[in-house]
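This report describes one protein model for a reader who has not seen it before. The sequence and structure come first, and the description follows.

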Amino acid sequence: MSSLKEYREKRDFRVSPELAGLASKEQSKRSPSRIYVVQKHQASRLHYDFRLEHNGVLLSWAVPKGPSLDPSVKRLAIQVEDHPLEYAQFEGVIPDGQYGAGAVMVWDIGTWRPEQDDVADAIKKGELKFTLRGKKLRGSWVLVRTPGYGRNARNSWLLIKHGDRYASKRDITVAQPKSVLTGRVLADITRDGSGDVTKAATGDPPHRHR
Ligand code: MN
């Protein structure tokens, strides 16, 4: 069974500009390096979707506060359904009434490398160490499973930066709020698509409002 089943069931591709996804084997032959992407998503609640390519799909976590470069800061990351690889390039507006309605920005993109030999085993054990090579996020990180509550009891993780030369106290989400593909903020993306620009702008840093 395709691990994209849940992804596809949640969406109506006749209405949403998102992609249904190719068969994963077909796609993975085309991409020898592992994709890493963070998509800033102004859905009912603002969050950052953190995605790592593994076995032909994008493993995905929703990070409400976004990544932090400070190793003393642990950011909650809720694992969500796998996404197709092509989703990494998706930037636009998911229409009202659709799953995840709102603006999606490619906030960071690049490649990643696991620091463990067996990624599936690391995920099963609840501790995945990896190195990012993005435009904004770089160096060593870890995702570690944590006891969660309610419906997130079994899919709660923490995203933590390891101490290295890319660690910093600087708030990267505020310092670098724009799309790495188009230079747009959420309000720009919404204005170019369809939807509520004022609502989208609430996800942009205050000095970016216009
Ligand atoms: Mn999302």
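## A buried glutamine

Q39 is buried, with a relative accessible area of 0%; buried means under 20% relative accessible area, exposed over 50%, and partly exposed in between, with a 1.4 Å probe and protein chains only. The model is predicted, so local features need pLDDT of at least 70 and side-chain atom pairs count only at pLDDT 80 or more, while totals for chains, interfaces and linings use all residues. Residues are numbered from 1 along each chain as its sequence is written, and side-chain values use heavy atoms, with hydrogens and water left out.

Q39 is part of strand 1, residues 35-42. Strands (E, at least two residues) and helices (H or I, at least four) are DSSP runs, numbered from the N terminus. The side chain of Q39 reaches two backbone oxygens: that of Y87 at 2.8 Å and that of F90 at 3.0 Å. Leaving aside residues up to four places away in sequence, Q39 touches H47, Y48, D49, R51, Y87, A88, F90, V104, M105, V106 and W107. Contact here means heavy atoms within 4.5 Å.

## The manganese site

The manganese ion is coordinated by H41 through ND1, H47 through NE2 and D49 through OD, at 2.1 to 2.3 Å. Donors are N, O and S atoms within 2.8 Å of the metal (3.2 Å for Na, K and Ca), and water is not among the atoms, so sites may look incomplete.

Along the chain, the donors follow the spacing H-x5-H-x1-D. Both histidines are shielded by the protein in the sense defined above: H41 is buried at a relative accessible area of 8%, and H47 is buried at 14%.

## The largest pocket

The largest pocket has a volume of about 970 Å³. Of the 34 residues that line this pocket, A62, I78, V80, E81 and Y99 are the closest to its centre. Helix 1 (5-9), strand 2 (46-54), strand 3 (57-63) and strand 4 (74-84) are the elements that give two or more residues to its lining. Strand 4 gives the most, with seven residues. By class, the lining of the largest pocket holds 13 nonpolar, ten polar and eleven charged residues.

A pocket is found on a 1 Å grid over the protein atoms alone, as an open set of points where a 1.4 Å probe fits, with protein on both sides within 12 Å along at least five of seven lines; lining residues have an atom within 4 Å of a point. Grid points are joined across faces, edges and corners, and a volume is the space filled by probe spheres set on the points. Ala, Val, Leu, Ile, Met, Phe, Trp, Tyr, Cys and Pro count as nonpolar, Asp, Glu, Lys and Arg as charged, and the others, Gly among them, as polar.

## E81 in strand 4

E81 has its place in strand 4 and counts as buried at 6% relative accessibility. Its side chain makes a polar contact with the side chain of K10 at 3.1 Å. A polar contact is a pair of N or O atoms within 3.5 Å; within protein, one must be able to donate a hydrogen and the other to accept it, and residues adjacent in sequence count only if both atoms are side-chain atoms. Not counting residues up to four places away in sequence, E81 touches E6, Y7, K10, R11, S60 and Y99.

## The second largest pocket

About 150 Å³ of space lies in the second largest pocket. This pocket is lined by 14 residues, and V93, D96, G102, G195 and D196 lie nearest its centre. Strand 5 (92-94), strand 6 (102-114) and helix 6 (197-201) each supply at least two residues of the lining. The lining divides into six nonpolar, five polar and three charged residues.

G195 lies in the loop between helix 5 (186-192) and helix 6, and counts as exposed at 53% relative accessibility.

## Two further loop residues

T182 is in the loop between helix 4 (172-175) and helix 5, and is partly exposed at 42%. The side chain of T182 makes polar contacts with the side chains of E91, at 2.7 Å, and R184, at 3.1 Å.

N55 lies in the loop between strand 2 and strand 3 and is exposed at 67% relative accessibility. N55 has a positive phi of about 55° although it is not a glycine. Most residues other than glycine have a negative phi.
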